[in-house]
Amino acid sequence: MDIVVSGIRSTGNLHLGNYFGAVRNFVKMQHENKCFFFIADYHSLTTHPKPEDLQGNIKQVLSEFLACGIDPEMATVFVQSDVPEVAELYLLLNMNAYVGELQRTASFKEKIRKQPDNINAGLLTYPVLMAADIIIHKANKVPVGKDQEQHLEMTRRFARRFNSMYGVNYFPEPEAYNFGSRLIKIPGLDGSGKMGKSEGNGIFLSDPPEEIRKKVMRAVTDSGPVEPNQKMPVPIKNLFTIMGVVSEPSTVKHFREKYASCEIRYGEMKKQLAEDIIRFISPVREKILAISSDDRYLAKVMKEGAEKARASASATVRDVKEIIGYRKMF
Ligand code: ATP
Ligand code: MG
């Protein structure tokens with residue numbers, strides 16, 4: 001049985017990209033593997049959330065996890081900061097992580113560009129915390145989107161380095177989880193590459209129908225094809241990609257044919273897409289609303305998840321400290 005670990009930052013609500021790129025796969029995996037799914041609220045501090053928002057964000061994302069079908073009876077679902085052992089392993093791993101390699105990480109370079117006024121050390125050491133999250137449960141499989149490949153490679157390197165530094169074979173080198181299909185990247189509707197929380201272009205699982213209609217109708221398009229079977233520009237391809245995951249195949253086929261014969265009306269296509277997204281999201285949204293108002297249930301899930309995660313994490317930290325050379329004197 002594989003041990004699987006994956007987390008999602010609590011900086012904002014889940015969007016269609018998180019769902020199709022990650023959470024949908026978590027739901028599938030939990031049946032056959034020992035899974036740890038967590039809400040990365042330590043990681044979220046790199047963008048300095050307000051204290052009055054932090055807890056609400058955690059509660060919201062947890063409700064969304066559960067509404068999507070992650071089952072706390074099968075998987076260990078927990079909040080990262082409820083497992084302080086991860087902070088201790090992060091400290092220990094930081095001693096063997098080199099500033100040069102951290103500075104060369106693509107995500108760090110991107111953050112420097114995106115938030116030049118807040119280049120904190122947490123951003124620099126983000127891959128070390130991510131490695132700690134994963135190897136603290138001795139995971140061998142990690143389901144990540146395409147955007148996380150380099151971080152996973154660093155996790156493997158830190159695990160390997162620890163093993164060779166102390167001459168042990170303690171940490172497995174985790175691999176990307178293979179679903180037997182290509183990784184999906186959900187694009188934004190603003191013509192950009194990726195739907196993302198920091199991109200500000202998310203269609204959220206908690207969006208009410210009116211909001212979805214507004215967002216979809218605003219999607220970037222062009223003036224339409226002028227000759228049959230013309231190559232599709234990126235913003236139009238993006239509309240079709242999203243349609244591909246939420247609509248019936250016959251609907252996609254219909255609009256593809258209209259495009260090929262230059263008869264497409266984008267207004268019509270967007271209306272259909274909005275309704276199909278609403279049809280997909282509505283039942284999930286209702287569950288989110290019900291679960292998020294049930295504080296007792298959420299507290300129970302958090303408590304039980306924290307206990308299970310801590311049991312696994314503290315055993316690892318104890319072993320690691322012993323390997324490093326700490327000896328119990330009392
Ligand atoms: P941020 O902007 O804060 O990085 P995000 O929207 O990229 O947020 P994350 O919390 O970084 O979301 O990602 C959680 C999971 O969702 C990861 O496994 C990531 O690969 C996946 N993911 C995020 N955006 C997309 C997307 N547009 N398509 C497919 N997968 C995605
Ligand atoms: Mg991201």
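Domain bounds here come from an automatic or database domain assignment. In this predicted model, the assignment divides the chain into domain 1, made of residues 3-184 and 295-324, and domain 2, residues 209-289. This briefing describes how the two domains meet. Their interface buries about 690 Å², and zero salt bridges are counted between domain 1 and domain 2.

**Arrangement and extent**

- The C-alpha centres of domain 1 and domain 2 are 33 Å apart.
- Contact involves nine residues of domain 1 and nine residues of domain 2.
- Of the area of about 690 Å² buried between the domains, 87% lies on carbon and sulfur atoms.
- On the side of domain 1, the residues that lose the most area to domain 2 are Leu16, Phe20 and Ala67, which together account for 65% of what that side buries.

**Polar and charged pairing**

- The number of salt bridges between domain 1 and domain 2 is zero.

**Elements on the side of domain 1**

- Helix H1 (16-29) and helix H2 (51-68) are the elements that give two or more residues to the side of domain 1 touching domain 2.
- Helix H2 gives the most to this side, with five residues.
- By class, the side of domain 1 that touches domain 2 comprises six nonpolar, two polar and one charged residues.

Methods. Residues are numbered from 1 along each chain as its sequence is written. Chains are lettered from A and ligands numbered from 1 in the order in which they are written. This is a predicted model: local features need pLDDT of at least 70, side-chain atom pairs count only at pLDDT 80 or more; totals for chains, interfaces and linings use all residues. Side-chain values use heavy atoms; hydrogens and water are left out. Contact means heavy atoms within 4.5 Å. Buried area is the accessible area (1.4 Å probe) that two parts lose on being put together, summed over both. A salt bridge is a side-chain nitrogen of Lys or Arg within 4 Å of a carboxyl oxygen of Asp or Glu. Helices (H or I, at least four residues) and strands (E, at least two) are DSSP runs, numbered from the N terminus. Ala, Val, Leu, Ile, Met, Phe, Trp, Tyr, Cys and Pro count as nonpolar, Asp, Glu, Lys and Arg as charged, and the others, Gly among them, as polar.
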